[in-house]
Amino acid sequence: MNILVIDGQGGGMGRQIVQAVRAAMAEAEVTAVGTNSIAAAAMLKAGANRAATGENAVVVCCRSADVIIGPVAIVIADSLLGEITPTMAAAVASSGAKRILVPVNCCNNIIAGVPDLSVGRLVECVTEELKKISAAKK
């Protein structure tokens with residue numbers, strides 16, 4: 001399974017997601033794309049097989065991903081303090097991959113009806129969903 005993790009800013013959430021995916025599915029190919037080099041480096045250090053940075057990397061990697069994981073902001077143009085470009089958001093949204101979007105209330109984007117969970121608990125939810133997707137493919 002080709003898993004794409006996208007994150008921005010400091011890459012903290014992406015780092016935790018990569019670590020959790022590695023622990024849950026060691027055989028998965030994990031590609032990390034940061035909207036900046038700090039985020040990409042954090043995810044690579046956490047165990048991603050490879051990492052890249054920037055808009056074109058998001059566009060290209062979305063084409064071959066089986067699953068895309070990241071904060072819900074990755075499908076909202078100009079989110080993450082402007083790090084998510086309209087082109088990035090469109091690439092994620094139009095990809096044929098399954099998307100596991102982490103509901104984080106930030107940057108003026110509020111997700112109604114979602115409890116305010118810790119990042120650790122949200123990452124647990126990501127791995128639970130990823131295991132369901134993996135089981136369905138078998």
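Colleague: In which strand is Ile68 found?
Modeller: Ile68 is found in strand 4, residues 67-71. Strands (E, at least two residues) and helices (H or I, at least four) are DSSP runs, numbered from the N terminus. This is a predicted model, in which local features need pLDDT of at least 70, side-chain atom pairs count only at pLDDT 80 or more, and totals for chains, interfaces and linings use all residues. Residues are numbered from 1 along each chain as its sequence is written, and side-chain values use heavy atoms, with hydrogens and water left out.

Colleague: Why is Ile68 called buried?
Modeller: Buried means under 20% relative accessible area, exposed over 50%, partly exposed in between (1.4 Å probe, protein chains only). Ile68 has 0%, so it counts as buried.

Colleague: With which residues is Ile68 in contact, leaving aside neighbours within four places in sequence?
Modeller: Contact means heavy atoms within 4.5 Å. The partners of Ile68 include Leu4, Ile6, Cys62, Val92 and Ile100.

Colleague: How do you know that strand 1 is mostly covered?
Modeller: Six of the six residues in strand 1 (2-7) are buried. Asn2, Leu4 and Ile6 are buried on one side, and Ile3, Val5 and Asp7 on the other.

Colleague: What makes strand 1 and strand 2 a pair?
Modeller: Two strands pair if DSSP finds at least two bridges between them. Strand 1 and strand 2 (residues 29-34) have six, in the parallel sense. Leu4 stands opposite Thr31, and Ile6 opposite Val33.

Colleague: In what order do the five strands form the open sheet?
Modeller: The order is 3-2-1-4-5, with parallel pairing. Strand 3 (50-53) and strand 5 (98-102) are the edge strands, as each pairs on one side only. Neighbouring strands are turned by 20 degrees against each other on average, direction ignored.

Colleague: Which strands does helix 3 lie across?
Modeller: Helix 3 (residues 55-64) lies across strands 1, 2, 3 and 4, running at about 155 degrees to strand 1. Helix 2 (residues 37-45) lies across strands 1, 2 and 3, at about 175 degrees to strand 3. Axes are lines fitted to C-alpha atoms, for helices over the stretch in contact, and angles run from 0 to 180 degrees between N-to-C directions.

Colleague: Why is helix 1 called oblique to helix 6?
Modeller: The axes of helix 1 (residues 12-24) and helix 6 (residues 119-137) come within 10 Å and cross at roughly 40 degrees. That value makes the helix 1 and helix 6 pair oblique. Under 35 degrees counts as roughly parallel, over 145 as roughly antiparallel, 65 to 115 as roughly perpendicular, and the rest as oblique. Helix 1 passes helix 6 in a right-handed crossing.

Colleague: Which residues of helix 1 meet helix 6?
Modeller: Gln16, Ile17, Ala20, Val21 and Ala24 do, and their partners in helix 6 include Val123, Thr127 and Leu130.

Colleague: Why does Thr127 count as buried?
Modeller: Thr127 has 13% relative accessibility, so the buried class applies. Beyond its neighbours within four places in sequence, Thr127 is in contact with Ala20, Val21 and Ala24.

Colleague: Why does Gln9 count as partly exposed?
Modeller: Gln9 has 33% relative accessibility, which means partly exposed. Gln9 lies in the loop between strand 1 and helix 1. Its phi is positive, about 50 degrees, although Gln9 is not a glycine.

Colleague: Why is Asp78 called exposed?
Modeller: Its relative accessible area is 53%, so Asp78 is exposed. Asp78 sits in the loop between strand 4 and helix 4 (79-82). Phi of Asp78 is near 70 degrees, also a positive value in a residue other than glycine. Most residues other than glycine have a negative phi.

Definitions and conventions
Left-handed = near helix turned anticlockwise from the far one by under 90°.
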